[in-house]
Amino acid sequence: MTVPTPRRDTRLDRFVDSYAERTHGMKVSAVRALFAVANRPEIVSLAGGMPNIKDLPLGDIADHMAEMIRANGMQVMQYGSGQGEPCIREQICDVMALEGVSAHADDVMISAGSQQGLDLVTRIFCDPSDVVLAESPSYVGAIGTFASYQVEVVHVASDESGLNPAALRETVSRLQAAGKRIKFLYTIPNYSNPSGLTQPWERRVEVLQVCAEFGILVVEDNPYGLLALDAEPVPAMRSVDTDVIYLGSFSKTFAPGFRIGWVLAPHAVREKLVLAQESATLCPPVFSQFAISNYLDTSDWKEQILSFRAMYRERRDAMLTALRDHMPAGTSWTHPIGGFFVWVTLPEGMDSQAMLPRGVEHRVAFVPGAAFYADGQGSQNVRLSYCFPTAERIVTGVERFSEVVRNEIEMLNIFGVKAPARHPPAPGPGADIS
């Protein structure tokens, strides 16, 4: 029997005609694209949101995990429940109680990081062309998830107190009058990524009231909630509305490598999420669940969070002081009371994406603001992260960043046009640090 010779296809990707339509919206994360450059030792990276875990008691954690494997290895290294292990779901309820959330373990589903939780929520609620509302600006990873499900993202204006309820009401009214199907509001009320803004308690109640009036589900993403730097955390939106879907994570308060997050949802929604989880992964990572449960059992994790808060407070203060001392007139920035990020607004006419290659030349990395919008906004903004570098490196990075901005202003003044953009750094391998 003669085997037919396949037709020669000279395209770089010969499968291009076979991909699903939904892949057209999938893009490389702007933060991941910086990873290879930002990892160079001469570069001060103010780009990624990697938590600093050097202060964890790694020796003690290793000893406890070794004992866990010796005593219960047959269980912790086996398949598990699609919903997640009961022990860690009970402990998660204790963690959420610190933010005023009263929950039952049966309504918690474990996910591979809160990122997967958001993916599964979008999967069970959204059809192509549905609308998701997102504060302005919004988390780049969420925008990527929504794009992969062919969802239309509509940004709602924010002010110094976060998501603006009046703008939310106007946006919902306009979209519903146009016949659009709004599936949910996605918000990060505590120390938002990327803006660093926090919604005060009264603002959260207003947002919930508007959504209740229009019958809109609220998805509250809260990975930074316990990392308050100036006061105790503001209670979660879920604490007053049990219809809110709450996304949580251990990536910021313990370690991201275990990839354990969770979704707290109304019972019927939780059932759908478990079915989606089982079809995606069979079960969330079992060893990681037991490892974190063991850490919560054997460590003073509340004291460890206080240690993290002190460390990030020092780094936040170093960044804000350096911005005050070095940034030119015409720039402004947020003053976060928790979390990892500062949101910078550049002088009129500047393009942060065009500045990025010149930032790399000056040995500093940052994230252009357009990455945090689905509609092309953000060219005048930059996200700076203070979570990973030391305070000294942060000051050096801000000094270099300010020099880039000053050079850009000078070029605009001389030529009256934006400086020519160069090719941004090529995407590189590495962990998701968005």
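Colleague: Which residues of α11 are buried?

Modeller: S352, A354, M355, L356, P357, R358, G359 and V360. Buried is under 20% relative accessible area, exposed is over 50%, and partly exposed is in between, with a 1.4 Å probe and protein chains only. That makes 8 of the 10 residues in α11 (352-361), so the helix is mostly covered. Helices here are DSSP runs of H or I with at least four residues, numbered from the N terminus.

Colleague: Before I go on, what sort of model is it?

Modeller: It's predicted: local features need pLDDT of at least 70, side-chain atom pairs count only at pLDDT 80 or more, and totals for chains, interfaces and linings use all residues. Residues are numbered from 1 along each chain as its sequence is written, and side-chain values use heavy atoms, with hydrogens and water left out.

Colleague: OK, back to the helix. What caps the N-terminal end of α11?

Modeller: D351 does, with a side-chain oxygen 3.0 Å from the backbone nitrogen of Q353. Just after α11, R363 has a positive phi of about 65°.

Colleague: New topic: how many disulfides?

Modeller: The count is 0, taking a disulfide as a pair of cysteine sulfur atoms within 2.5 Å.

Colleague: And C387, buried or exposed?

Modeller: Buried, at 0% relative accessibility. C283 is buried too, at 11%.

Colleague: What about Y19, where is that?

Modeller: Y19 is in the segment before α1 (35-38). Its relative accessible area is 43%, so Y19 counts as partly exposed.

Terms used: Helix = DSSP H or I, 4+ residues; strand = E, 2+ residues; numbered from the N terminus. Polar contact = N/O pair within 3.5 Å; in protein donor to acceptor, adjacent residues only side chain to side chain.
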